[in-house]
Amino acid sequence: MTYSTVPPHALRTASWLAASAVLALAACSPPAVKKAEAPAAAPSAAAPGAAADKFVMPQVPAGDYKLDPYHANLEFRVNHLGFSHYTARFADFDAKLHFDPANPSASTVEATVDPRSLTLNRPPAGFKDELTGKVWLDAGQYPTITFRSTKVEVTGPNTANITGDFTLHGVTKPVVLETTFNGGYAGHPMDPHARIGFSAHGAFKRSEFGIGAGVPAPGSTMGVGDQVDVQIDAEFSGPALPKTAPAAQ
């Protein structure tokens, strides 16, 4: 497909699509947990930052968690001509995290996204192939987008900023995800594994990852915006409920 045969809105969209992949990875970052209420202590009574890690998450065990792909969504959007925000998603992504509710800043997460799973709303014929080709995502040379957390910083009772090394289009740079913990449980008779859920939002400039096609000239909106906004909603499944011993006769 040639540039001239692709609808303007489609061409503008291509640039930000690549950037979106980055955010997908971030979605896998560990959520913050609820801060415990405790009497205020004198500044000298606790080490710096200690209070930030005092959280209460009843019935949620520490351990290894894996993404539940049936309850996860990775969307991204980019400004189009200054008129609207084009929205699309990636369908194939995975993540694993080690979560410690007693010390959330020690939690870690790794995530991967398949750029070939790009999902578009009513794309013209051949458009997806062009976006995953050499001009944009270049999925043949860069078949995987990755995110590896480097820091978890608690920012509120159920929020945290997760910083990680994000690799897209062969370029690695830090990306921050603003994450909200939505809740969890240790298990249920119909779901005998711990479960936690969270939402996350991040943003980055796609041009910094070598995908600068269509970025508007300074002072103009004619093109596809450089900033890519990503929204992630996901659930993770963790350790199984402990087995209870049979009651004594």
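Strands E6 and E7 form a hairpin with 2 residues between them, as seen in this predicted model. Strand E6 covers residues 145-156 and strand E7 covers residues 159-168, and the two run antiparallel, joined by 9 bridges. Within this pairing, Gly156 has Thr159 of E7 as its bridge partner.

Strand E7 also takes part in a hairpin with E8, again with 2 residues between the strands, and in this turn His169 has a positive phi of about 55°. Here 10 bridges join E7 to strand E8, which spans residues 171-185 and runs antiparallel to E7. Gly164 stands opposite Val175 in E8.

Another hairpin is built from E1 and E2, with 3 residues between the strands, and in that hairpin Leu81 takes a positive phi near 60°. Strand E1 (residues 63-80) and strand E2 (residues 84-90) run antiparallel and are joined by 6 bridges; Arg77 has Thr87 in E2 as its bridge partner. Strand E2 is joined in turn to E5, a strand of residues 118-119, by 2 bridges in an antiparallel arrangement, and the bridge partner of Phe90 in E5 is Leu118.

| Strand pair | Bridges | Direction |
|---|---|---|
| E1 and E2 | 6 bridges | antiparallel |
| E2 and E5 | 2 bridges | antiparallel |
| E6 and E7 | 9 bridges | antiparallel |
| E7 and E8 | 10 bridges | antiparallel |

As a general point on such elements, side chains in a regular strand alternate between the two faces of the sheet.

Notes. Residues are numbered from 1 along each chain as its sequence is written. This is a predicted model: local features need pLDDT of at least 70, side-chain atom pairs count only at pLDDT 80 or more; totals for chains, interfaces and linings use all residues. Side-chain values use heavy atoms; hydrogens and water are left out. Two strands pair if DSSP finds at least two bridges between them. Helices (H or I, at least four residues) and strands (E, at least two) are DSSP runs, numbered from the N terminus.
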